[in-house]
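Colleague: Could you walk me through one part of this model? I am new to reading structures, so please take it slowly.

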Amino acid sequence: MVRSKTLLLLISLQTLALALLLSPSLADDGDVVVLTASNFENEVGGDRGALVEFYAPWCGHCKKLAPEYEKLGSSFKKAKSVLIGKVDCDEHKDLCSKYDVKGYPTIKWFPKGSLEPKKYEGARTAEALTEFLNTEGGTNVKLATVPSSVVVLTSESFDQIVLDENKDVLVEFYAPWCGHCKNLAPTYEKVANAFKLEEDVVIANLDADNYKDLAEKYGVSGYPTLKFFPKNNKAGEDYDGGRDVDDFVTFINEKCGTSRDAKGQLTSQAGVVASLESLVKEFTSAADDERKAVLTRIEEEVGKLKGSAARYGKVYLKVAKGSIEKGAGYAKKESERLQRMLEKSISPLKADEFTVKKNILSIFAA
């Protein structure tokens, strides 16, 4: 009897593990459930209705719909009777063919307990989709306001923000009716999110249709127009780069001296001060009784630094002093400790702090 119960428990645990493996990860794509050929019938056609967008990554209309659909997902994430999902038809062609998808995006409603959908023919706005779902799904959900990291400029705030000589500012001049602007919106939001922890970097936009005088002042003749206003040039300069997230991130890192990736995480170069490189090499190769003399020279060099470099320089000093007090293995051990901390669930600000320290420690450990 005991053996049978143990066997049943093992089978239950295996079933649970398989279910978790097959279930979609909401963290990967906000509050919209990523549906695949393997999990579709587990999620759709059960005890809740499902609104499903069938899309292609290259589709311009899909990109235009994306921010509205994400807003919808955020609004319905706590609604137990309705699922908001999407299927990448480039990756799951057979699944999309099964449901007679012939263009992108196609939106279909699957009633509770049914895998026989009906096509959504209404307006492709979060407001219209919410009204449709409340009617079909019997819900009473109000559209959520999704917080944005993009700074919205007005004629009153433009000079105060854009012309601030302590800030590097990227500005998108757009028009609400402009299709290209709508296509750019989700990408631009991701860029703003990537740099939201950088105090000196601002990702902003201006409704140029509403503030025509400002658009004319800066020579805006088409939409969207992107201009960069660095700390040392408040006349502005045209942004002529690519319009993928990685293109924007590379541009801002080069212009602003930041070290972010497309997800907003600090790279391995964050905190690295080039002018201290040779002194660190000299410090780590010096004999124990010679290190204090090199430390004095590091202190002198750090004293010349300004801005974020000065802040990072203090970390260099702390690591150098720790190496003298605790021995040559200090930097390696401390770097490994911080790596373990980074693998835990910590706040973005703490992650930034630990990443900078770990990067600098790695230089000493090398």
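**Helix 9 and the sheet**

Modeller: Let us begin with a contact picture in this predicted model: the buried residues of helix 9 pack against strand 7 (168-174), helix 7 (179-194), strand 8 (201-207) and strand 9 (225-229).

Colleague: Which residues of helix 9 are buried?

Modeller: They are Val-245, Phe-248, Val-249, Phe-251, Ile-252, Asn-253 and Cys-256.

Colleague: And how many residues does helix 9 have?

Modeller: Helix 9 covers residues 245-256, which makes 12 residues, and from its first C-alpha to its last it reaches 16 Å, close to the 16 Å expected at 1.5 Å a residue. Just after helix 9 comes Gly-257, whose phi is positive, at about 75 degrees.

Colleague: Switching to the sheet, in what order do the strands lie?

Modeller: The sheet is open and has five strands, arranged in the order 6-8-7-9-10 with mixed pairing. Strand 6 (151-153) and strand 10 (237-238) stand at the edges, and each has a single partner strand, so one side of each is left without a neighbour in the sheet.

Colleague: Do strand 9 and strand 10 pair in the parallel or the antiparallel sense?

Modeller: Strand 9 and strand 10 pair in the antiparallel sense, over two bridges, and Lys-227 has Asp-238 in strand 10 as its bridge partner. Helix 9 packs on this sheet too, touching strand 7, strand 8, strand 9 and strand 10, and its direction makes about 20 degrees with that of strand 9.

Colleague: What about helix 7, which strands does it lie across?

Modeller: Helix 7 lies across strand 7, strand 8 and strand 9, and it runs at about 165 degrees to strand 7.

How values were computed: Residues are numbered from 1 along each chain as its sequence is written. This is a predicted model: local features need pLDDT of at least 70, side-chain atom pairs count only at pLDDT 80 or more; totals for chains, interfaces and linings use all residues. Side-chain values use heavy atoms; hydrogens and water are left out. Helices (H or I, at least four residues) and strands (E, at least two) are DSSP runs, numbered from the N terminus. The expected span of a helix is 1.5 Å times one less than its number of residues. Buried means under 20% relative accessible area, exposed over 50%, partly exposed in between (1.4 Å probe, protein chains only). Contact means heavy atoms within 4.5 Å. Two strands pair if DSSP finds at least two bridges between them. Axes are lines fitted to C-alpha atoms, for helices over the stretch in contact, and angles run from 0 to 180 degrees between N-to-C directions.
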